[in-house]
Amino acid sequence: MISKVIFVVGFLISLHCFPSISVRASTQPVFACDATRDPNVVHYGFCNVSLGRESRVADLVRRLTLEQKILFMVNSARNVSRLGIPRYEWWSEALHGVSYIGPGTRFSSLVPGATSFPQVILTAASFNVSLFETIGKVVSTEARAMYNVGLAGLTFWSPNVNIFRDPRWGRGQETPGEDPLLSSKYGSRYVRGLQQADDHADSSRLKVAACCKHYTAYDLDNWKGVDRYHFNAVVTQQDMDDTFQPPFKSCVVDGNVASVMCSYNQVNGKPTCADPELLAGVIRGQWKLNGYIVSDCDSVKVFYDDQHYTKTPEAAAAKAILAGLDLNCGSFLGNHTAAAVKAGLLKESAIDKAVSNNFATLMRLGFFDGDPRKQPYGQLGPKDVCTSGHQELAREAARQGIVLLKNRDGSLPLSPTAIKTLAVIGPNANVTKTMIGNYEGIPCKYTTPLQGLTASVATKYLPGCSNVACATAQVNEAKKIAASADATVLVMGIDQSLEREGFDRVDLLLPGQQPLLITEVAKVAKGPVILVIMSGGGFDVSFAKNNNKISGILWVGYPGEAGGAAIADVIFGYYNPSGKLPMTWYPQSYLENVPMTNMNMRPDPSKGYPGRTYRFYTGKTVYTFGHGLSYSKFSHKLVKAPQLLVFPLDEDHICRYSSDCTSVETIERGCENSAFDVHLRVRNVGSHDGSHTVLLYATPPSVHNSPRKHLVGFEKISLRGKSATMVRFKVDVCKDLSVVDELGSRRVALGQYVLHVGNLKHTLSLRI
Ligand SMILES: *[C@@H]1O[C@H](CO)[C@@H](O)[C@H](O)[C@H]1NC(C)=O
Ligand SMILES: *[C@@H]1O[C@H](CO)[C@@H](O)[C@H](O)[C@H]1NC(C)=O
Ligand SMILES: *[C@@H]1O[C@H](CO)[C@@H](O)[C@H](O)[C@H]1NC(C)=O
Ligand SMILES: *[C@@H]1O[C@H](CO)[C@@H](O)[C@H](O)[C@H]1NC(C)=O
Ligand SMILES: *[C@@H]1O[C@H](CO)[C@@H](O)[C@H](O)[C@H]1NC(C)=O
């Protein structure tokens, strides 16, 4: 989102230069149609709540001059006092809690902090769709509460649903991982949680407006000198349609998101914010977005200045608007749109269309309905932010996401009564801000890992390195405390200094002397050694995986404000871990033949290119997608699944007469009733109660270069020790089992499929 440092500074300065700074400092919400300030507003159609939104929008547009309309095409929209419209700042963020990134939101003594949930990659690891939505709901409650006292806007540019394509990506932490299905479910459910107003009379009303970003095929920030402002992502139609687009489609179609943000990069030679096929064609045309399309900050300027995509700034403005862009984060459209209209590069009607989308969104938020404190959610205020329930949910989300990667001989959980002293070592052992990742806010409070662990047992703490880069480790001191403690917890990993926006990693190893510190401590430790890795992306931790002295490994993402409490809950067995990796952990050697700039998901054996993610990569992994242990064991038994599926075709379908058909299109008659049941009996065979995610994969027939396997559904359940339940999947052949062909069409492959759950495999064949 934030572009070059210069831009950030530019934004802050311009913000403070606006004359209406006093409005921002007030504790009143920003809204239009305030009859107490301007009695005239009752005569304006756009303020009249008895009229339909469409005619209110049209009324407003009619009243504005071209120059005034253009004020509403940039994120810092200026006031039009003549019509009782105050200035409005479109840019707020709420990736995993209300954030101070973006000038629309700030904290003050009135609301000093907001609940800071785990960074998204960890929440995704919970594989719990109701959790995704519940978090969204809490975040929007806090956002509305802050809006009501003048501290936040109503339009939040979250979530980030880009596919975590390459393990080095600095922003992978913000995403729900590498799988299109998980990302789609995460995006649509989080959006629903943010947006859905409990107003049954008015189903299109918004609690706050969410935004799915960054559209599309954006997942490189700055790798070996290639940056996102100049990067042309060369993407095949097949990868586009079965990997990069699905989360965005789901946001719009299933989540009904109010906004999509186009990215900085080009896709196949065109900047996404200037591509009419991608914006007007796909988002608005095919998916039927009800809302606005916004540019990343400052994408339009970037494709003019950095990519030299047009000769003049006016042409850049016209191209973006004609492509379907409605709002510009930045000021480029504010500066050049009027001239573009005057030069005849676009008609004023194009501006009308864009601002109408923006106004319609504000209408759905109640911005033109008068005092928001007299509307739904008007009673929310500071008392509703950081409630104990919200903070407990932050702890619960972290618990549900934490992944137990290794547990040798059941050495975890540690017994809080048997352990008299615990050595707690590592540069992330007592961190606060590191736990909340990027796009953060000010949290309600922090519980660090050390504080979490110390609540149960006596601890001896040593950072072991002066920072995560760990140029020189305090090996001897660390060995000393580990040798005398009953158990050792090493909290290692990285932070925003080594993976962040604008900064991709170049390798997958724990930095500096971290491996040395871990290995040396493990050699002399008296009790079990637990390695805790705090990070967004995965690591090659083969050295620890294969070291018998290291009894347990946990990945805790960036676990949010209550992360330390959640880590302790898992380590001491107050919570039975249930998280599963939402991305593949590759060995360092994987990078040898994989330039970050190669967007191909599918392998290319002729070039030694191994392909990406569990769907295509078949080489060695350190830990696989979906890996995650429990203190219990779960078994699966297939109860119901078909062995043969017959797909009916029309009389004159070519495949009825030809034996060459390997697949049929998903618009065929056979799709109408193509769903079948898969029922599994899942048993918790251990004695610990616990949650478990059943991951149902399919391996399709190998036609169209299809994935070796892909997730078709997942269901998280909770089971008491020694008990069992039935898990039911409804699998739709056309939606769930289909594959995308080389031209981007969804097709049902004919032949043999293998369904997998854990070690269980079931073969079914599909014929016409
Ligand atoms: C608002 O619109 C309704 C419905 O058209 C109309 O009856 C009413 O007079 C309008 N109110 C004002 C103040 O113009
Ligand atoms: C915006 O508000 C300021 C101060 O309240 C005022 O001076 C200015 O004229 C307004 N701008 C417009 C376009 O109404
Ligand atoms: C999913 O999360 C919700 C919280 O939203 C929780 O109540 C539920 O127990 C979780 N499901 C499982 C199976 O852990
Ligand atoms: C728009 O114009 C303002 C005022 O001249 C300037 O400060 C700003 O940098 C311009 N924005 C862009 C994106 O060129
Ligand atoms: C751990 O971090 C907390 C929060 O920053 C701080 O108050 C505390 O002093 C630290 N503890 C130690 C032992 O350094």
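The entries below go from the whole chain to the sheets and then to the ligands.

**Ground rules**

I am working with a predicted model, in which local features need pLDDT of at least 70 and side-chain atom pairs count only at pLDDT 80 or more, while totals for chains, interfaces and linings use all residues. Residues are numbered from 1 along each chain as its sequence is written, chains are lettered from A and ligands numbered from 1 in the order in which they are written, and side-chain values use heavy atoms, with hydrogens and water left out.

**Entry 1: the whole protein**

Helices (H or I, at least four residues) and strands (E, at least two) are DSSP runs, numbered from the N terminus.

Next I checked the overall dimensions. Along the principal axes, the C-alpha atoms fill a box of roughly 75 × 75 × 50 Å. The radius of gyration is 27 Å, which agrees with the value near 27 Å for a compact globule of 768 residues. That radius is taken over C-alpha atoms, and the globule rule is 2.2 Å times the number of residues to the power 0.38.

**Entry 2: the five-stranded sheet**

I followed an open sheet with mixed pairing, and its strand order reads β18-β27-β26-β21-β22. Two strands pair here if DSSP finds at least two bridges between them. β18 (644-646) and β22 (710-719) are at the edges with a single partner strand each, so one side of each has no neighbour in the sheet. On average, neighbouring strands are turned by 20 degrees against each other, direction ignored. The axes behind that angle are lines fitted to C-alpha atoms, for helices over the stretch in contact, and angles run from 0 to 180 degrees between N-to-C directions.

I then zoomed in on β26. Strand β21 (residues 690-699) runs antiparallel to β26 (residues 751-757), and three bridges join them. Thr699 is opposite Val754, and Tyr697 has His756 as its bridge partner.

What does His756 stand opposite in β27? I found Lys761 there. Seven bridges join β26 to the antiparallel β27 (residues 760-767). These two strands form a hairpin with two residues between them, and Gly758 in the turn has a positive phi of about 55 degrees.

**Entry 3: the three-stranded sheet**

I also noted an open, antiparallel sheet in the order β19-β25-β24. Its edge strands, β19 (663-665) and β24 (739-740), pair on one side only. Two bridges join β24 to β25 (residues 746-749), with Val739 opposite Arg747.

**Entry 4: ligand 3**

Which residues are around ligand 3? I listed Asn128, Ser130, Leu131, Thr134, Gln400, Ser691, Lys716, Ile717 and Ser718, counting a residue if one of its heavy atoms lies within 4 Å. α6 (129-148) and β22 each supply at least two residues of this shell.

By class, I count two nonpolar, six polar and one charged. Ala, Val, Leu, Ile, Met, Phe, Trp, Tyr, Cys and Pro count as nonpolar, Asp, Glu, Lys and Arg as charged, and the others, Gly among them, as polar.

For polar contacts, I used pairs of N or O atoms within 3.5 Å; within protein, one must be able to donate a hydrogen and the other to accept it, and residues adjacent in sequence count only if both atoms are side-chain atoms. Oxygen atoms of ligand 3 lie 2.8 Å from a polar side-chain atom of Ser691, 3.2 Å from one of Gln400 and 3.4 Å from one of Thr134. Taken alone, ligand 3 exposes 360 Å², and the protein buries 68% of that. Accessible areas come from the Shrake-Rupley method with a 1.4 Å probe; for residues, only the protein chains shown count as cover.

**Entry 5: ligand 4**

Asp298, Lys301, Ser331, Phe332 and Asn335 surround ligand 4, and they divide into one nonpolar, two polar and two charged. I found a polar side-chain atom of Asn335 at 2.3 Å from a ligand oxygen. A nitrogen of ligand 4 is 2.7 Å from an N or O atom in the side chain of Ser331. The protein buries 41% of the 360 Å² that ligand 4 exposes alone.

**Entry 6: ligand 5**

How many charged residues does the shell around ligand 5 have? I found no charged residues, with two nonpolar and three polar. The shell is made of Asn430, Thr432, Leu450, Gln451 and Tyr461. A polar side-chain atom of Asn430 lies 2.3 Å from an oxygen atom of ligand 5. The protein covers 39% of the 360 Å² of accessible area that ligand 5 has on its own.
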